[in-house]
Every structure is written in structure tokens, then in C-alpha cells.
Amino acid sequence: MDFIVNRRGRLSLREQLAIQIKLKILCGELAEGRKLPSIRSLARRLKIHPNTVAAAYRELGLSGNVAADPGVGVFALGAPATPQDDRTFEELLETTLQSAIRRGFSSARIRAAVEHWLINSPTDRIVVVDRFRETAELLRDEIRLHVDVPVLACTLDDVKQQPSRLTGALTVTLPFCVDSLRLLVENVFLITLRMRFPEKWIFEIPPGARALFVSHAPRLLPFSSGLFFILRGDEATFECRPLSARAEWERIAHTADLVYADVCSAPAVAEVRPKRMVEIRLLTPATLAEICSAATFVRPAPAQGVSTLSR
């Protein structure tokens with residue numbers, strides 16, 4: 001488990017460590033139950049004070065990213081690791097059917113069970129859930145690029161107020177909301193989203209250049225700026241702005257050498273004609289493949305009025 005620190009100021013060592021752990025949880029490198037290095041061992045490895053590591057772990061515990069078991073260690077919270085399996089959906093289905101037949105189930109019973117599941121567990125849409133509405137909307141728009149079924153967005157608070165919002169839905173969420181959703185909704189059809197903050201676009205910024213990242217989800221901006229500082233320090237100028245602060249990012253975009261924008265922000269950023277714009281995607285290919293496979297079970301229901309979910 002690799003961590004790095006940049007000692008040239010601007011971002012404290014505690015903040016750097018906390019950001020990297022959160023990113024490793026988001027991308028799936030730190031799955032639920034994975035034990036983090038002990039405070040003293042990580043402090044020795046990074047040559048920092050143990051109190052700094054302890055403060056980072058404490059901050060992550062308060063935000064629900066890790067849990068401490070006194071005398072045992074600190075463990076990541078979120079979602080179980082996704083099993084590594086390169087088989088296609090058809091191959092997995094065939095293996096399951098063969099196993100059922102070997103156990104003595106007749107083909108008629110297997111067919112009846114599948115038909116019963118499809119009829120009694122209808123899935124008519126995909127719903128993205130996050131603590132923050134803007135993040136849910138960003139992830140929703142990325143998913144919409146890959147599926148041809150309805151994709152909606154709502155917050156965790158929306159689900160708390162009305163759990164039935166997820167009835168009949170394929171629910172997708174980031175690791176930090178998995179446990180909460182399972183407590184709120186029984187038998188939720190759930191996929192855990194994995195995100196990536198590609199290091200490639202950070203390293204392609206030339207030394208001395210000025211770069212800008214515009215995102216619809218303000219919550220993602222500290223991760224981006226923090227990761228840039230950790231990896232590049234002061235080699236270039238990297239600024240982040242929320243899409244809602246148009247006056248600020250538009251002024252910077254006119255002079256920036258490179259502008260990054262997420263899928264929600266790209267159309268607006270393109271309007272100002274920056275020197276160079278790169279649209280970035282945050283969901284991992286494996287996550288999108290899993291959603292596309294699951295979407296084959298989604299059968300959109302006939303329109304019956306306007307949904308209260310974020311469209």
C-alpha cells in the first residue's frame with residue numbers, strides 16, 4: 001500500500017495522507033475491512049511523526065471512511081472488493097445453470113425460477129445515490145453516456161425521507177454510502193461505483209503552465225487539488241473551481257494553458273473557447289462494464305407523470 005508525501009507546504013501532511021486514503025477507497029484499492037498500516041509503521045515508512053498519522057486516521061474515522069478496533073487496528077469502510085473474474089456475463093450464467101442442473105434441478109424449474117425473478121423483481125431504472133446532489137448528478141450523467149435506460153439521481157437524505165424511491169431500481173452509489181443504503185432499504189439491488197482520479201492528466205501539465213479543473217461536484221475539487229499538489233508540488237499552477245462559479249472559472253479559462261472539465265461542465269467550458277480543453281471521466285471502465293451488464297435487466301416502465309428524482 002503506497003503513500004507519498006510532499007513536504008513543501010501548502011497542504012499539511014495530515015491532509016495529504018487523508019486524501020490518499022479516501023482516493024484508495026473510492027478506486028477500490030482499499031476495500032471494506034482492509035486493514036491500514038499501523039500508525040507507527042506508516043510514520044516510519046513516510047518519515048513523519050506518529051501524531052500526524054493518528055490525526056489523519058482520526059479525521060477519516062469522524063467522516064466515516066475508516067473504523068478503529070482498539071488493540072487490533074484501523075480498517076477501511078465502504079464496500080467489499082469486487083471479485084476478479086474475467087468471464088463474460090453469458091459464461092457466468094452458463095456456469096450457474098450447469099451447477100443447478102448438476103444439483104438435480106430440472107430445466108423447467110430453472111426456467112420458472114428465472115421467469116419468476118424477472119416478473120416479481122422488475123427493475124425499471126437506474127438511480128444514483130450520493131450524500132451530495134451535485135456528485136450524484138455528475139455520476140448520473142457519466143452513466144447516461146453508456147446505457148439507454150432511464151438514469152436518475154438523488155441524495156442519501158432523499159432516500160431517508162422516502163425509501164420507496166429505490167423500489168424497482170438498480171441503485172448505484174460510491175463506497176461511502178453503501179452501509180447507509182443497506183440500512184435504509186432492504187434487498188436493495190446495489191452496485192458500488194469505483195472512481196479514478198487519473199494521474200495521467202496531472203503529469204501531462206507542463207512545468208510552469210497554468211491549468212484549471214472545472215467540476216459540477218464541488219466535493220471533488222479538494223481531492224483533485226490535493227492530488228495535484230502531492231504529485232507535482234509547485235511545478236505548475238493548478239486551480240479548481242465549481243461549475244456554479246462561472247465568473248471565476250471563465251476568467252481563468254481565458255488565460256489557462258489547459259482546462260479540464262467533467263461531463264457536466266464540458267459544454268459550458270467549451271463555450272468560452274479555452275486554448276485547450278480535456279473532458280475527463282471519473283468512473284472506472286470496470287464499473288461501467290458492470291452497470292452496462294446489469295442494465296440488461298432494466299425494463300423502463302411507461303411514463304406516468306414526472307418523477308421527483310433529479311433528472
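## Helix α10 and its surroundings

Just after helix α10, Gly233 takes a positive phi of about 60°. The model is predicted. Helix α10 covers residues 221-232.

Start with its length. At 1.5 Å a residue, the twelve residues of α10 should span 16 Å, and the end C-alpha atoms lie 16 Å apart, so the two agree.

The helix is mostly covered, with ten of its twelve residues buried. Among the buried residues are Leu221, Ser224, Phe228 and Arg232. The buried residues of α10 pack against α1, α9 (199-203), β7 (210-215) and β8 (237-242).

Now take the partner helix, α1. Two packed helices are described by the angle between their axes and the distance between the axes. For α1 and α10, the angle is about 115° and the axes are 10 Å apart. The crossing of α1 past α10 is left-handed. The table lists the residues that make the contact.

| Helix | Residues in the contact |
|---|---|
| α1 | Gln16, Ile19, Gln20, Lys22, Leu23, Leu26 |
| α10 | Pro222, Phe223, Gly226, Leu227, Phe229, Ile230 |

By type, the residues of this contact are eight nonpolar, three polar and one charged.

Next comes the core. The largest nonpolar core holds 70 residues, and Ile21, Ile126, Ile143, Leu193, Met195 and Ile205 touch the most other members. Helix α1 (residues 13-27) gives the most to this core, with seven residues.

What is Ile143 in contact with, leaving aside its neighbours within four places in sequence? The residues are Val128, Val151, Val172, Leu193, Leu283 and Ile291.

Methods:
Residues numbered from 1 in each chain as written. Predicted model: local features only at pLDDT ≥ 70, side-chain atom pairs only at ≥ 80, totals over all residues. Heavy atoms only, no water. Core = buried A, V, L, I, M, F, W, Y, C linked by side-chain atoms within 4.5 Å. Buried < 20%, exposed > 50% of the residue type's maximum accessible area, 1.4 Å probe, protein only. Helix = DSSP H or I, 4+ residues; strand = E, 2+ residues; numbered from the N terminus. Contact = heavy atoms within 4.5 Å. Axes fitted to C-alpha atoms, helices over the stretch in contact; angles between N-to-C directions. Left-handed = near helix turned anticlockwise from the far one by under 90°. Nonpolar A, V, L, I, M, F, W, Y, C, P; charged D, E, K, R; others polar. Expected span 1.5 Å × (residues − 1).
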